[in-house]
Amino acid sequence: RSKTVEAAIAEAEAERQREEELRLAAIEEAERLRREEEEREAAKEAAKKAKEEAERQRLEFLKQQAIEEAERAVREEEARIKREEAERKGKIVISVTVLNDETEELMAKASLRLGCKVQELGQACVREARLSVAPAIFSEPKPEPKMVRGKMELRERFPLPPDDTLLEAGVENNAVLRAKISSAVITASKDCTARIWNAETGSCQLVLEGHNAAVCSACISPDCRYVATSSEDSSARLWYVDSGRCARVLQDHKEAVYSASFSPDSKQVVTASEDGTAKIWVVKTGLCKLTLKGHNFAVLWAAFAPDGRSVTTTSSDGTLKIWNAKTGVCDRTLLGQKPVYLASFATDGSTFVTASGDDTAKICDLVTGESKIVLSGHESLVLGASYAPSCPQAEQQAEQQKDENG
């Protein structure tokens, strides 16, 4: 009997434990279901909030986009109005007077549209004042030094940007501007071009393109109206200084033309050629006036005498000849001459320019010999470099005044 009681007790205890396990399992299941429901609700809430945030961001983006579009439309409209206003004003013709910054003398008086660039006014100065390179143009007079805190100071001023229009530069009708004249250098290169440079800034002002072979020499006429170039394409050319446009092609040599230089009055050009001759040309017509024959080999160089009455030539045959520039007769022959290569000096004697044996030319200090400015822009060997005349001759013939405008 005691065993039966113990068995009953054990069975009851096992039943109790089973029921307890079932109760605990039910509690855990209910807790699990509760957590899952909470997670589902949290996920739904997060998704709802994410959707609301995405919608808010979308609406904010659309709003910002609309604002930006409206601002862009306003800017475009303002730009259109300004452009139309600028175009309207750009067609207005104004009168501009340009004075020499140093002497206050008249350099140019031009009627230009407000839409024209400042560089066009510079070209007008080149044309009317017979300059070699466009001057720097200022809207105010040269400032005077002032005593500031016991020291003399000079207020800096800035030139009008060449690429700005007269309207952009603030130039008004009947404005009186100042121009600072700069010296110029001209170079000839194997890249078939010649270039005119501002010797003070080193910037290239004009590129003369037209020759089909290396350009051997280049120079500017004493009256600063023309550039003469010689080339291995057996021709020489005359160009307008103010525009860079080709004015004449001098063709009569049979081989390369090594040099071309002007007469003192700028009316004639003499060329030297590998064909053994030198030729004198009339600038106005571009026609050959005289052929100087007498050298046995290539003529390397030819130039007029300062009085314009004779021409000197040097040749690879070792002779130097002096010719009558009017008749073409050889007056004298000197033997045993060697070619001489010279640097070109600035008129104030402070600097000289020379080809560098590469695709550059260098402006050097005369005292120290150090390079001050490197003229870089040619694409091949620079064969010659020289300073342009500092100012034109005072006497000008009426025929030259009536010559076509460059």
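**Stop one: Arg-80 and Glu-84**

Select Arg-80 and Glu-84: they sit four residues apart in helix α1, so about one helical turn separates them. (Helices, H or I of at least four residues, and strands, E of at least two, are DSSP runs numbered from the N terminus.) Their side chains meet in a salt bridge at 2.6 Å, N to O. That term means a side-chain nitrogen of Lys or Arg within 4 Å of a carboxyl oxygen of Asp or Glu.

Before moving on, some ground rules: this is a predicted model, where local features need pLDDT of at least 70, side-chain atom pairs count only at pLDDT 80 or more, and totals for chains, interfaces and linings use all residues. Residues are numbered from 1 along each chain as its sequence is written, and side-chain values use heavy atoms, leaving out hydrogens and water.

**Next: Glu-77**

How accessible is Arg-80? It comes out at 30% relative accessibility, partly exposed; that label lies between buried (under 20% relative accessible area) and exposed (over 50%), using a 1.4 Å probe and protein chains only. Glu-77 is partly exposed at 35%, and so is Glu-84 at 41%.

**Then: Arg-72 and Glu-76**

Still in helix α1 (residues 2-90), pick Arg-72 and Glu-76, four residues apart. Their salt bridge is 2.3 Å, N to O.

**Last stop: a network**

Select Glu-31, Arg-34, Arg-35 and Glu-38, which salt bridges link into a network. Across the whole structure, a search finds 19 salt bridges.
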